[in-house]
Protein chains: 2
Amino acid sequence: MAWTDHAALGDLPERARRLLDSVHPVDVPAGSVLFRPGEAAQGFVVVLSGRIDVFLTGPNGREILLYSVAPGQSCIQTTLGLLGEEDYAGEAVAATACHVALIPKGMFLSLMDDVPGFRGFVFTAFATRMQNMMHLLEMVAFQKIECRLAGALLELEEDGLVMATQAVLAARIGSAREVVSRRLDHFTRQGWVETDRGQVRIRDRATLQRLAEMDGTD
Amino acid sequence: MAWTDHAALGDLPERARRLLDSVHPVDVPAGSVLFRPGEAAQGFVVVLSGRIDVFLTGPNGREILLYSVAPGQSCIQTTLGLLGEEDYAGEAVAATACHVALIPKGMFLSLMDDVPGFRGFVFTAFATRMQNMMHLLEMVAFQKIECRLAGALLELEEDGLVMATQAVLAARIGSAREVVSRRLDHFTRQGWVETDRGQVRIRDRATLQRLAEMDGTD
DNA sequence: TCTGAACGCGTGACCATGTCACATACAGGC
DNA sequence: GCCTGTATGTGACATGGTCACGCGTTCAGA
């Protein structure tokens, strides 16, 4: 089956679809780095399966998750480079094994010019990410660690279990591991979670939910 | 003279230009609020003269400058609403008296579909803002207040003089007024600036420059 | 001209968070 | 069982945000 059926590209005319199908998807193992800060954009990336996390890295090594790219979504960092001639600012890491399509620059630009549906896909992705970034900014600038940590736990949770080290959680919320350690300790003492090596079990989802949605005015 | 000559819209075909010229620019007095968080987008805004500052406001009242819109640029927050059906997240304030063109939604969408030059303008603006936001995020997440304050002073400076209250500076760098007060005091004791009610005079631009460009690894 | 309110600024106390330097505990290969 | 790397706990400290003030200036209106 053609990969263009997987992607949420909307309705595309036949010629666009044929063009896109000439791009062969690539397998990417978990943990591999798709691009680093300072590199030039190679093409437009669409994730078909798996998940790609894009981080911003501070000079001291601290990281923060800019956004995750889910299947059917594109990594708009790559678009920036193609449209604005700017290099990457973030670092993209395959969070799981991935299947991705890399649309070369030329094809991308002509699709943008000729195919309204494709344009819409890109634009919407753009707008959505921009909103995300604003929310993120709002969080980093105004929200307490407690709230962000609760939010991260709820996002990563599967059946009440979060499989992530404290370091991973810290990177997600743009904080330091030690801080996560202390907060989790606090959560545990309150009976909201239970922790174990590499995992957190959620015990009181309602409270965490309330925490995550708190606007900071305690 | 038609306003379309002012704006950095690039080369537009005659019909697009005529269409745009049917939009009559509006005068906006300094200090007035163009839109607030939660409002729906009315149209696509292009600034012809003056400056518009877009702030994100935290629940406790603290603010941070998302970006400034200079003449010839568009306020991409308005674009988000038009493309992604999302409401504003920020608050736009006219920093000076402004002249703006408000392109209604319908016209905007048809220009986007039909006029490659216009599309390019919007896309580039989009990409640029996105980059800005990343830089901002990087600053907020990783940079010291000292560096951000130095940067803000250099941005606002005119002939070595910054006309801004500490509250304005604080909003610019997403910090609190008291913090700015103490930092400026420090700067003064080092002989880098001199302060007076509502203004800061720069005495050692080189040092401030170095501070602003420091990556945090002191 | 006086006066009260709004504004701009300085400051001390305190809390939250980030940083650094460790110690400890566990897992998996040998 | 023993090493080595990884995950975690913790104390001490620096930075920055918050709160609660006080003090001087500006300015409109009585």
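This briefing describes a predicted model of two protein chains, A and B, with DNA strands C and D. Local features require pLDDT of at least 70, side-chain atom pairs count only at pLDDT 80 or more, and totals for chains, interfaces and linings use all residues. Residues are numbered from 1 along each chain as its sequence is written, and chains are lettered from A in the order in which they are written.

**Chain A overall**

- Chain A contains eight helices and ten strands, where helices (H or I, at least four residues) and strands (E, at least two) are DSSP runs numbered from the N terminus.
- Along the principal axes, the C-alpha atoms of chain A fill a box of roughly 60 × 35 × 30 Å.
- Of the 218 residues in chain A, 40% are buried; a buried residue has 20 or more other C-beta atoms within 10 Å of its own, an exposed one 12 or fewer, and a partly exposed one a count in between, with C-beta atoms placed from the backbone.
- Among contacts in chain A between residues at least 6 apart in sequence, 68% join residues at least 24 apart; a contact requires C-beta atoms, placed from the backbone, within 7 Å.

**Contact between chains A and B**

- Chain A and chain B each give 32 residues to the contact.
- On the side of chain B that touches chain A, α2 (76-84) and α4 (116-142) of chain B are the elements that give two or more residues, and α4(B) has the largest share, with 16 residues.
- That side of chain B divides into 18 nonpolar, nine polar and five charged residues; Ala, Val, Leu, Ile, Met, Phe, Trp, Tyr, Cys and Pro count as nonpolar, Asp, Glu, Lys and Arg as charged, and the others, Gly among them, as polar.
- Chain B superposes on chain A by a rotation of 180 degrees with 0.0 Å of shift along its axis (RMSD 0.1 Å), which is the relation of a two-fold axis. The superposition is by least squares on the C-alpha atoms of residues with pLDDT of at least 70 in both copies.
- B:Leu137 is the residue of chain B closest to the rotation axis, at 3.0 Å (C-alpha).
- The copies meet through the same surface, because 100% of the interface residues of chain B are also interface residues in chain A.

**Surfaces near the DNA**

- Around DNA strand D there are 21 residues, of which A:Thr165, A:Gln166, B:Lys144, B:Ile145 and B:Ser175 come nearest; a residue is near a strand if its C-beta atom, placed from the backbone, lies within 6 Å of it.
- The surface near DNA strand D receives the most residues, six, from α7(A), and divides into five nonpolar, seven polar and nine charged residues.
- Around DNA strand C there are 20 residues, of which A:Lys144, A:Ile145, A:Ser175, B:Thr165 and B:Gln166 come nearest.
- For DNA strand C the largest share of the surface, four residues, comes from α7(B), and the division is five nonpolar, seven polar and eight charged.

**Local features**

- In helix α3 (residues 105-114) of chain A, A:Phe108, A:Leu111 and A:Met112 are buried. The buried residues of α3(A) line one face of the helix, because they fall within an arc of 100 degrees seen down its axis, the arc being that of the directions from the helix axis to the C-beta atoms.
- A:Gly106 and A:Asp113 are exposed on the other side of α3(A).
- Strand β5 (residues 63-69) of chain B has six of its seven residues buried, so it is largely enclosed by the rest of the structure.
- Strand β4 (residues 52-57) of chain B runs antiparallel to β5(B), joined by six bridges; strands pair if DSSP finds at least two bridges between them.
- B:Val54 has B:Tyr67 as its bridge partner in β5(B).
- β4(B) and β5(B) form a hairpin with five residues between them, and B:Gly61 in the turn has a positive phi of about 100 degrees.

Key: Two residues are in contact if their C-beta atoms, placed from the backbone, lie within 7 Å.
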